[in-house]
Amino acid sequence: MRNLILVLLAVFLFAEQGPCEEKGPLKPGPKDKCPVCGMFVAKYPDWVAQVLFKDGTSVFFDGAKDFFKYYLDFKRYEPKRDRSEIQAMYVTEYYSLEPIEARQAFYVTGSDVYGPMGKELIPLARESDARQFMKDHGGKRLLRFDEVTAKLVKELD
């Protein structure tokens, strides 16, 4: 009888928790550093990018360029993790300054807009905004998430 009570109690407790809720974008704290360049990320709120892991931990970046350096060379920066542990990824949209899903964004390179680390991938929420940004700021290329390569990111340095 005692074991049955313990089992029912465990079922009740786990049922109350439900599935792991997905966190939305977070804000970096004053001590959060970019793992790629070491800069304090909170100083550049208009450029923040982030990776949220399923275990509740997060990593912040001072721009999309360093975010992609990290993501495209994941084992270098996270040798004990696997990409399957990523819950969500966000970049800061250029016009709204709001976080948007990194995989959904449009990225412009080669513009006259520079981020904290110089030449930058500029994230935009809509293709029409990205094309207008290119006209206004001399952008050279419009890319989707899967089109960003390590070679391209290296050329921005």
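Okay, so this protein comes to 5 helices and 9 strands, where helices are DSSP runs of H or I with at least four residues, strands are E runs of at least two, and both are numbered from the N terminus. It's a predicted model, so local features need pLDDT of at least 70, side-chain atom pairs count only at pLDDT 80 or more, and totals for chains, interfaces and linings use all residues. Residues are numbered from 1 along each chain as its sequence is written, and side-chain values use heavy atoms, with hydrogens and water left out.

From the N terminus, the elements go α-β-β-α-α-β-β-β-β-β-β-α-β-α. Of the 157 residues, 38% count as buried, meaning under 20% relative accessible area with a 1.4 Å probe, protein chains only; exposed is over 50%, and partly exposed is in between.

Now, helix 4, residues 127-137. Asp129, Ala130, Phe133 and Met134 are buried there. They sit on the same side of helix 4 because they cover an arc of only 140 degrees around the axis, taking directions from the helix axis to the C-beta atoms. Over on the other side, Ser128 and Lys135 are exposed. And what do the buried residues of helix 4 pack against? That would be strand 5 (106-109), strand 8 (122-124) and strand 9 (141-144). Just past the helix, Gly138 has a positive phi of about 65 degrees.

Next up, Cys34, in the loop between helix 1 (2-17) and strand 1 (49-53). Cys34 is buried, at 3% relative accessible area. Beyond neighbours within four places in sequence, its contacts (heavy atoms within 4.5 Å) include Met39, Phe60 and Asp66. Cys34 and Val59 are 25 residues apart in sequence, yet 7.5 Å apart in space, C-alpha to C-alpha.
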